[in-house]
Amino acid sequence: MATLAETRFLHHGQFMGDSAGDREAGGFVVAKRVPTVPEHQVQRHTHSDAHYVLLLEGVYVTTAEGPDARTDRPCLIFNPAGTTHRDRFHGCGGRFLSVSVSAATEVQFEAAAALPSHALQLRDRSLELAFALSREYDRGDDHAPLAIESLCTELLDATAAVFAEAHGRPPRWLRRTRELIHEECASDLRLARIAAEVGVHPVSVTRAFRRHFGCTPGDYLRRCRLSRAAAMLADSDAPLSRIAQACGFFDQAHLTRRFVEGYGLPPARYRSCRAR
């Protein structure tokens with residue numbers, strides 16, 4: 001397994017490819033890129049933020065869940081925040097559209113719908129939206145920022161819908177359960193209290209959470225805390241000790257340990273990368 005020192009870290013909007021120009025809209029960064037690192041030189045790397053890769057030209061190799069480990073067909077890949085992989089272009093050439101989602105934007109969206117917790121290949125509506133985003137990027141007129149932000153938000157919604165469809169539609173009480181954890185992730189939540197709040201047995205909470213969201217309530221609580229910490233690191237100069245307290249960690253050391261596990265680097269380094 002690669003160590004932290006051996007794993008390259010890519011911050012918000014950064015990829016192994018030259019951009020024709022970034023377009024920022026809301027909490028999104030969209031760009032068309034050509035790969036710049038030869039296949040044999042691509043090392044394992046960690047992406048700080050959730051993002052999409054739309055294959056436009058070339059042959060792409062990916063470990064994302066889906067039908068194609070290597071493809072030259074139109075393909076859209078969603079990678080959640082903290083993804084570590086060695087996805088790359090095979091051979092020479094290629095073009096792709098990248099869509100980066102800021103930590104703050106992801107936190108806001110996750111309050112309404114759950115995104116996949118693993119890398120996933122997307123088709124149908126998601127792929128259509130990604131190509132519409134590609135066309136909007138090329139248009140680049142005065143209305144582009146609003147159009148790009150709207151399409152990016154639709155893309156997140158379509159991705160969440162795919163995830164929900166794969167795990168079945170959650171009952172209303174389960175959606176409330178997830179909202180409760182999201183809203184109160186900094187507090188000392190216990191399963192008994194969560195179950196009492198939504199009026200079901202604790203066993204029902206854990207069983208349904210695993211089925212519909214692919215993780216335990218504890219896993220989701222940890223994700224919420226990390227996402228909130230990442231957003232605070234990116235958008236404020238607050239001391240790490242204060243961020244740790246605000247996000248439900250015991251202390252700064254606890255935050256650092258969990259952040260390295262989730263994002264592949266310490267909070268201070270994450271903040272410095274985002275400030276570049």
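**Entry 1: the model.** I am working from a predicted model.

**Entry 2: the cores.** I looked up the largest nonpolar core and found 30 residues in it. V30, Y52, L76 and L133 touch the most other members. I then listed the elements that give two or more residues to this core: β4 (28–35), β6, β8 (75–79), β10 (88–101), β11 (120–122), α2 (124–139) and α3 (144–167). Helix α3 gives the largest share, eight residues.

**Entry 3: V30.** I checked the contacts of V30, leaving out residues up to four places away in sequence. Its partners include L97, V99, L133, Y137, I148 and C152. G21, D22 and R23 are also among them.

**Entry 4: V59.** I found V59 in strand β6, which covers residues 51–61. Beyond four places in sequence, V59 touches R70, T71, D72, R88, F89 and H90. I also took the C-alpha separation of V59 and G214, which is 30 Å. The two are 155 residues apart along the chain.

**Entry 5: α4 and α7.** I turned to helix α4 (residues 172–183) and helix α7 (residues 217–235). They pack at about 40 degrees, with axes 9 Å apart. The pair is therefore oblique. Their crossing is right-handed. From α4, the contact uses R178, I181, H182 and E183. From α7, it uses P217, Y220, L221, C224 and R228. By class, I logged five nonpolar, one polar and three charged residues in this contact.

Methods. Residues numbered from 1 in each chain as written. Predicted model: local features only at pLDDT ≥ 70, side-chain atom pairs only at ≥ 80, totals over all residues. Heavy atoms only, no water. Axes fitted to C-alpha atoms, helices over the stretch in contact; angles between N-to-C directions. Helix = DSSP H or I, 4+ residues; strand = E, 2+ residues; numbered from the N terminus. Parallel < 35°, antiparallel > 145°, perpendicular 65-115°, else oblique. Left-handed = near helix turned anticlockwise from the far one by under 90°. Contact = heavy atoms within 4.5 Å. Nonpolar A, V, L, I, M, F, W, Y, C, P; charged D, E, K, R; others polar. Core = buried A, V, L, I, M, F, W, Y, C linked by side-chain atoms within 4.5 Å. Buried < 20%, exposed > 50% of the residue type's maximum accessible area, 1.4 Å probe, protein only.
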